[in-house]
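Please open the model in a viewer and keep the sequence panel at hand. The stops below follow one another as selections.

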Amino acid sequence: MVNPLKAEQITKSFGNEQVLKYLNLELHKYETLSILGRSGCGKTTLLKILAGLEPPDQGTIWIGDKNMESLSTYQREIVYLYQEALLFPHLNVFENIAFGLRLDKIEEKIITKRTNKMINQLELDGMQDKMPHQLSGGQQQRVSFGRALITDPNVLLLDEPFGSLDADTRTSMQQLFKRIAGEMDITAIFVTHNVKEAILMGDRIAKLDNGNLTMFDSIEAFVRSGENSVQEEIDFWKNISEKQ
Amino acid sequence: MISTTSRFTYIARAIAVTFLFPVAFLLLLSISDSWIFPEVLPESLTFERWISLMNGNTDLFSSLILSLGIAFSVATISTFGGFYVSKHLAYHPKRNLWMRLSYFPFVLSPIIYAALLYFYFIRAGLTGNMLGVILGQLLIAFPYSVILFSGFWSKRIQNMEQLVKTLGGSRWQTYRRVFLPMAQGLLLVCFFQTFLISWFEYGLTTLIGVGKVQTLTLKVFQYINEANFYNAALSSSLLVLPPIILLYFNKKYLFKKRW
């Protein structure tokens, strides 16, 4: 089976600063790969290169068995989601979610059916006529998910999508994403600077540091590697509970 | 005792009357047969001038059509052209330089700017004709439009554009389904403003039109210079009507709270 996304020897510099150094990445079908890294370490640059929004200085990206250079951004079926929901302010919830289907000029009956199904899956029933400014941050992020997922993309790239949400909403959005990713067989890259979130969301984890990407075969391998603060976190909570 | 709301209503009505009075006065003067000081009202009325205008028998009618043609061309080109160009300038690495250049015609004064470029207009055969006047007026209206739209193109809009691309949208679809609807209010304001810039333009039109392109504004000045007050009132009435009509139809967009 051909992997949906493969990147080989990707490099990218801004001025004298080399942000990505001969980076290799392979994404398996229907998995979520968490990429962990500090702010400003090049996570967003990597995602933008994979989405085709930024050209790499060097390297090759494969989408399935096709070299990405032969495809325009809009032909790649890789959807990039920002931290901000970026809903279209002139469209209501229904139209925001149906947006990608309208671009494809799909039959109205099918658009209605698929959009309503998505609204139901996102637990947004009764909100189809609301405008984006009438929604909470979490609801806006759900609509943003729906708008991406309804197009059935090859790969979904998520750039710290829950970064601006409060702790409770963040937790419920993580659960929602996990459920929908399972239901819809989504292949995704989830970028975050939060170790806990990376572990929760990913089937595998990679760490981006100083322009180098280290891939771990499993969550356990990542925890064992010591390339994280997991052990410190465990010790912290142990101390707290022992004191009590 | 008068409530605050009623007081505001009275003030608003008083302001409306202040603005409407000159228009009403012009209309009355345009249908006056004879109105000589110190009479408060005209001695008799006539619709002859208006009828003759409607029949297309006067120069004024061709000036009206010419002015409408020029103003619609200038407003359409500068609105849509300015929208497109402002996007490219806004995201250009030398954005600040381009934006400073956009202010150039205004800093220099439009008429002086046109005078400086007059030589090129003569060489290009653009003096004394409609095309030349449209191009001349675009020298002011186009940068105005670019400056007006420059605030629209933010980082957020750029991110939206990239998002639409990854959702499968072509450039045309991005404009049609996202940019144009989002900028609808601004586009209408720009069209309205650039229409007015062109509609009331005098100096530049006189210079580049060399008196051969007789727009309505030029006609008003001509009648005033000739002390032909009744025709001046008629042409002035025509001059104020299109902006009022545009304002009436656009008011819901111009004054409506957007998202």
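Among contacts in chain B between residues at least 6 apart in sequence, what percentage join residues at least 24 apart? The share is 73%, where a contact requires C-beta atoms, placed from the backbone, within 7 Å. The model is predicted: local features need pLDDT of at least 70 and side-chain atom pairs count only at pLDDT 80 or more, while totals for chains, interfaces and linings use all residues. Residues are numbered from 1 along each chain as its sequence is written, and chains are lettered from A and ligands numbered from 1 in the order in which they are written.

Select chain B. Its C-alpha atoms fill a box of roughly 70 × 65 × 35 Å along the principal axes. Chain B holds 13 helices and two strands (DSSP runs of H or I, at least four residues, and of E, at least two, numbered from the N terminus).

Next, select residues 59-90 of chain B, helix α3. Its 32 residues should span 46 Å at 1.5 Å a residue, which agrees with the 44 Å between its end C-alpha atoms; the expected span is 1.5 Å times one less than the number of residues. Centre on B:Gly82 for a kink of about 30° in α3(B), the bend being the angle between axes fitted to the seven residues ending there and the seven starting there.

Move to chain A and select strands β1 (residues 5-14) and β2 (residues 17-27), which pair in the antiparallel sense over seven bridges; pairing requires at least two DSSP bridges. A:Ser13 stands opposite A:Gln18 in β2(A). In this hairpin, with two residues between the strands, A:Gly15 takes a positive phi near 65°.

Note on methods:
Two residues are in contact if their C-beta atoms, placed from the backbone, lie within 7 Å.
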